[in-house]
Number of protein chains: 2
Amino acid sequence: MLKIGKLTDYGVVVLNELAQAGAVKLSTDDIAGLTGLALPTVRKVMKALVDSGLVMAQRGARGGYRLARAPGQIRMLDIVQAFEGPVALTECAADDHQCDITASCSLSANWGGINQLMTQVLARVTLQDIRNPERQERLVRDAVPLTTLIELVNIS
Amino acid sequence: MLKIGKLTDYGVVVLNELAQAGAVKLSTDDIAGLTGLALPTVRKVMKALVDSGLVMAQRGARGGYRLARAPGQIRMLDIVQAFEGPVALTECAADDHQCDITASCSLSANWGGINQLMTQVLARVTLQDIRNPERQERLVRDAVPLTTLIELVNIS
DNA sequence: TTAAAGCATACCAATACGGTATTGATTAAT
DNA sequence: ATTAATCAATACCGTATTGGTATGCTTTAA
């Protein structure tokens, strides 16, 4: 299925609400109410977002969360990495490539290439893009020309 | 981690050996020996490859496996789908988008866009590309310019 | 007829993941 | 200074997925 975790998905939903709120700080309760997520789940999501530096937290009474940067400066890659760690399609592509298989690990470097492509796709789409229906339509519409462009780069 | 399953990785390794063998049929034992994979694991891998039509099987004595198409005609997307099913980063992006969350599911369509980009990246890289070190180097080297190209397409 | 091969099914263990609860630390307001 | 609101940290548990393994059956060339 090549899927990301649900928490990552939740993260995007939460960030969307925070972007909507702008300068107004949202409490855990607010976020739970707005998104429909369970409170403990929201806590877990917020921890990851704060740890990764995408969200600022203010403790104490009248505290809450707000975006650490403008939506246009928050890349999908940042979000994915906040929840899933570094993008590594295969074990081999990870930092410590420990291949059990003797022979065919010459392929590992190639996975690295695909990894980079994936990473860069995620790096070029921001939270702002995903919130804007117009930008999204462009993204889908231009998906086909993209193949032509990749062809120009002589990948295949 | 955004990773694919190990079986998918094994699949690539096996396909690489089959490409190497060319017209010569390889038995399950041969493949296990060449790749270092356990025999039952090889069986599982071969089932997926045969079911997906990427590999032809001949039963009986002197049987074995061979590629159903030329390596240049086997896309990474085909391989991934053979093991992982359709590419769907989120539940929402799947065919039956059943969102538990009430509000923010306007985002689902956007995930679809990213999905398409991912899919197309996988569709443009073939087994032949991944086997050729030279092509692979080009892929990695040109990864940076790619961002510029995507920019031209006005994604962000 | 036989032996070499692929086919199908079922099973088990480990891990990862999502979800939940509990307790502690901080801070603004009064 | 006290209080209440709010975030922080940790720990736990059930389930689902995944990887790995075993076993018996079917096909087919020699």
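**Protein around DNA strand C**

Of the 25 residues around DNA strand C, five come nearest: Lys6(A), Lys44(A), Arg59(A), Thr28(B) and Arg59(B). The model is predicted.

Sort the residues of this surface by class. Nine are nonpolar, nine are polar and seven are charged. Now sort by element. Chain A contributes α1 (6–21) and α3 (39–51), each with at least two residues of the surface. From chain B come α3 (39–51), β1 and β2, again with at least two residues each.

Next, the individual polar contacts. Which part of DNA strand C does Lys44(A) approach? A polar side-chain atom of Lys44(A) lies 2.9 Å from a base nitrogen. Ala61(A) also approaches a base, but through its backbone: a polar backbone atom is 3.3 Å from a base oxygen of DNA strand C. Thr28(B) approaches the phosphate instead. Its polar side-chain atom lies 2.5 Å from a phosphate oxygen of DNA strand C.

Turn to the two strands of chain B. Strand β1(B) covers residues 55–58, and β2(B) covers residues 64–67. They run antiparallel and are joined by four bridges. Within this pair, Ala57(B) stands opposite Tyr65(B) of β2(B). Five residues lie between the strands of the hairpin. There, Gly60(B) takes a positive phi near 80°. Both strands return us to the DNA: β1 and β2 of chain B each supply at least two residues of the surface near DNA strand C.

Terms used:
Residues numbered from 1 in each chain as written. Chains lettered and ligands numbered in written order. Predicted model: local features only at pLDDT ≥ 70, side-chain atom pairs only at ≥ 80, totals over all residues. Heavy atoms only, no water. Pairing = 2+ DSSP bridges. Near = heavy atom within 4 Å. Polar contact = N/O pair within 3.5 Å; in protein donor to acceptor, adjacent residues only side chain to side chain. Nonpolar A, V, L, I, M, F, W, Y, C, P; charged D, E, K, R; others polar.
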